[in-house]
Amino acid sequence: MTAQIIDGKAFAARVREKVAGHVARLKEEHGIVPGLAVVLVGEDPASQVYVRSKGKQTVEVGMNSYEHKLDADAAQEDLLGLIEQLNNDPAVHGILVQLPLPGHLDEDLVINAIDPAKDVDGFHISNVGLLGTGQKSMVPCTPLGCLMMLRDHLGSLSGLNAVVIGRSNIVGKPMAQLLLGDSCTVTIAHSRTRDIQEVTGRADIVIAAVGRPEMVTGAWIKPGATVIDVGINRIDAPEKGEGKTRLVGDCDYESCAEVAGAITPVPGGVGPMTIACLLANTVTACCRANG
Ligand code: GUN
């Protein structure tokens, strides 16, 4: 079998188009422009790329983008003060603090200082609790993007066996909650899971979110299963020339694509969906704030 490719780039473009339509209507009918504030502390190169991309796409769909950059040694009180200011700013409907934060800052404290109604990442403890109890919440962008692609490809997920590899608060845990919400039988596998191949080998859906390049191979996959690769890992690519690198996922694409029924590529799979869902969450937050 050769897997069907789930084109996240094309899907994300459709989501952005829908978001742009909502934004235009909010402007025309209510005179409201949704605003997203992104806070970056320090100069982590990967974070800088993500933040730039978020700002660019925010503007492209017609929303206001507010970027706030703090020095790597910024004091916790300064960051908390900025969040307070953004919480109280009626032009700001969504707030995102780019992670990871420098080590001297308390990530939990910072995230939980964000107004849960503006927490477009869905990381605030209130939103985590609401999602876990099946209530209306802000849903983390990467798992939401994965769920949208799964529903689009498979239709109903009810009764399917889903294995999430990775137990992070950003992806693994909320992903498992969302799949449970869609009536999957959910297993979370992680670094201590015994005989992980046997576990993934029973899954109709495998979501790989561990950050280990090409860890999941075709031997782990049940024939016909749907594979969602959340990993974005940069590895050396000497075949492209000295010092060159390339992006790979957590799945070994070639061998998985031989066995799976469908698979997301890296790049061009989950990645573009994450920012598209962030924009969608910002519009949702704006609509909820304005009744
Ligand atoms: N760093 C890596 N992924 C994310 C994300 O989804 N949100 C935030 N705030 N930081 C991240």
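The shell around the ligand draws at least three residues from each of domain 1 (31-117) and domain 2 (141-271), with domain bounds taken from an automatic or database domain assignment. This is a predicted model, in which local features need pLDDT of at least 70, side-chain atom pairs count only at pLDDT 80 or more, and totals for chains, interfaces and linings use all residues. Residues are numbered from 1 along each chain as its sequence is written.

The ligand is surrounded by Leu96, Val97, Gln98, Leu99, Asp121, Cys141, Thr142 and Ile170, a residue being near a molecule if its C-beta atom, placed from the backbone, lies within 6 Å of it. Strand E4 (94-97) and helix H6 (141-154) are the elements that give two or more residues to this shell; helices (H or I, at least four residues) and strands (E, at least two) are DSSP runs, numbered from the N terminus. The centres of the two domains, taken over C-alpha atoms, are 28 Å apart.

UniProt, in an unreviewed entry, places the feature "binding site" at Gly166, Arg167, Ser168 and Ile232; such annotations may be inferred rather than shown by experiment. Gly166 lies in the loop between strand E5 (161-165) and helix H7 (172-181), and Arg167 is found in the loop between E5 and H7.

| Residue | Other C-beta atoms within 10 Å | Class |
|---|---|---|
| Gly166 | 23 within 10 Å | buried |
| Arg167 | 18 within 10 Å | partly exposed |

A residue is buried if 20 or more other C-beta atoms, placed from the backbone, lie within 10 Å of its own, exposed if 12 or fewer, and partly exposed in between.
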